[in-house]
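Please keep the sequence and the coordinates at hand while reading.

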Amino acid sequence: MAIMGFLAVANAYTMRVCLNIAITQMVRRHSPSPAYEDGSCPGGLDEVVEDATEITGYNWNEETQGIILSAFYYGYIVTHLPGGMLAERFGGKYSLGFGVLSTAVFTLLTPWAVNLGGATGLIILRVLEGLGEGTTFPALNAMLARWSPVSERGRMGSLVFGGAQIGNIAGTYFSGLVIKETGEWQSVFYLFGSIGILWFILWALLCYNDPESHPYISDKEKKYLEEALGRHHNTQPSSIPWKAIFMSVPLWALVCAQIGHDYGYFTMVTDLPKYMTGVLKFDIHRTGTLAALPYAVMWLSSIAFGWICDKIVKRQWMTVTNARKTFTTIASVGPGICMILASYSGCNTETVVILFTASMGLMGAFYPGMKVNALDLSNNYAGTIMAIVNGIGAITGIIAPYLVGLLTPDSTLTQWRLVFWITLAVFIVTNLVFVAWASGEGQWWDTCSQDPRKQDENTNQSVNNDVKL
């Protein structure tokens, strides 16, 4: 389940990010200014002439590109909560499976939509892709709650959610390679859409909602999971304690951390290829290769951080709460500083790539930090909690690409520097909130009675305890 969950996230991200590379070839590119004094890195003259004669493309300005790149998240945030609730009630297998399948089908249709409707057609299709993919994380979280003991959550969470980095690696590297070899941006959508459909077939055959419904699980493993997790699967109250959930201080602290993570992450994932082609003047293959490197490091670091976090918690060197706060802080402050240093490194491409790679590597600490914190707060409502947290955080996926498009109309170093300063500020503010009010303990409303008077009493007690923490 963990491996297939990992591949689910990887496939979801390849289909999400391949447009970030393809759009650099879909649009008309203007001849870059060779003057470094104007905030633009010099490009190779031969490359500029070749590009000008061979690439026609669509006449989409930076603002239009920002709208296109952010359109995915309009749909993405809508299906988070329904996807989480469906996964808790009926299991995450098909909530996740059909979501990825629909995204794969829409990915295959991308070239047709662009030819038919231009920017408008692409925006509509990206919204539809987001609707399908919005169920991914809530459904996976609901399944992890039924498959991952507390002592293994750092590793399992890092493995599954780390699939995002493999998706980014494959999506950026192979998009650059395929476009260079075929000369057609359309080919990347056919490739990743087909792989997504293949994944769905394997997922439907191999994976199950929980250990109890798995026909091939051994009695030993089933007994171990029942003892480690408890039989909470069927004890869930008939209705979700919305009031208690929305009054939970640790939940809103987690939401803040998710906003910080997503803003920085979406800025890098969506716009790093544009930075490399627009500012550093890399060709498409080099952009795909070097844009993939930071995500490879982030994937490895997320697994390493997950292993370290589990060891720290298991040996009781830190409480779960302090471990989550520590690793989230590493993943917030470190990447922000590296981004700023990269923006002041000018056109020294080696230094810039190293700093961006270090930034994404440190961001891997988010996974054993705030990314698995929803599981700490609640087992029974893990899908709903992830839907709330990830759904609100994903709003930054709308804001970040559009804001970058507005702030970088000429793709100069000075314009991008402001983008990274804003990212650092968001990282720091949201992390301070998480450090102040986050918790790694299960919340009372996870198994509470549905008596409204009892909810009010427990809510007031929980708020007081959270403030003391």
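## Overall make-up

Two residues are taken to be in contact when they have heavy atoms within 4.5 Å of each other. On that basis, in this predicted model, 85% of the contacts between residues at least 6 apart in sequence join residues that are at least 24 apart. The chain contains 22 helices and 0 strands, and of its 469 residues 58% count as buried, a term that stands for a relative accessible area under 20%.

## Salt bridges

How many salt bridges does the chain have? The count comes to 3 salt bridges, with a side-chain nitrogen of Lys or Arg required to lie within 4 Å of a carboxyl oxygen of Asp or Glu. One of them pairs Arg16 with Glu133, whose closest N and O atoms are 3.0 Å apart. Because Arg16 belongs to helix α1 (residues 2–26) and Glu133 to helix α6 (residues 110–133), this pair ties together parts that are 117 residues apart in sequence.

Arg324 and Asp376 form another salt bridge, in which the closest N and O atoms are 2.6 Å apart. Since Arg324 lies in helix α15 (residues 320–343) and Asp376 in helix α18 (residues 373–377), the pair ties together parts that are 52 residues apart in sequence. Arg324 counts as buried at 4% relative accessibility, and Asp376 counts as buried at 7%.

## Helix α15

The helix that carries Arg324 has 24 residues and reaches 35 Å from its first C-alpha to its last, which is close to the 34 Å expected at 1.5 Å a residue. Helix α15 is mostly covered, with 17 of its 24 residues buried.

Ser332 is also found in α15, and with a relative accessible area of 3% Ser332 is buried. Which residues does Ser332 contact once its neighbours within four places in sequence are left aside? Ser332 is then in contact with Phe366, Phe427 and Asn431.

Rolling a probe the size of a water molecule over the atoms shows where empty space is left. A search of the whole structure finds 5 cavities of 30 Å³ or more, and the largest cavity has a volume of about 80 Å³. Of the 13 residues that line the largest cavity, those closest to its centre are Tyr13, Phe137, His261, Asp262 and Lys371.

The elements that give two or more residues to this lining are α1, α13 (249–278) and α17 (367–371), and the largest share, 5 residues, comes from α13. By class, the lining of the largest cavity has 7 nonpolar, 3 polar and 3 charged residues. Helix α1, one of the elements named here, is also the helix in which Arg16 lies.

Definitions and conventions
Residues are numbered from 1 along each chain as its sequence is written. This is a predicted model: local features need pLDDT of at least 70, side-chain atom pairs count only at pLDDT 80 or more; totals for chains, interfaces and linings use all residues. Side-chain values use heavy atoms; hydrogens and water are left out. Helices (H or I, at least four residues) and strands (E, at least two) are DSSP runs, numbered from the N terminus. Buried means under 20% relative accessible area, exposed over 50%, partly exposed in between (1.4 Å probe, protein chains only). The expected span of a helix is 1.5 Å times one less than its number of residues. On a 1 Å grid over the protein atoms alone, a cavity is a set of points where a 1.4 Å probe fits but cannot get out, and a pocket is an open set with protein on both sides within 12 Å along at least five of seven lines; lining residues have an atom within 4 Å of a point. Grid points are joined across faces, edges and corners, and a volume is the space filled by probe spheres set on the points. Ala, Val, Leu, Ile, Met, Phe, Trp, Tyr, Cys and Pro count as nonpolar, Asp, Glu, Lys and Arg as charged, and the others, Gly among them, as polar.
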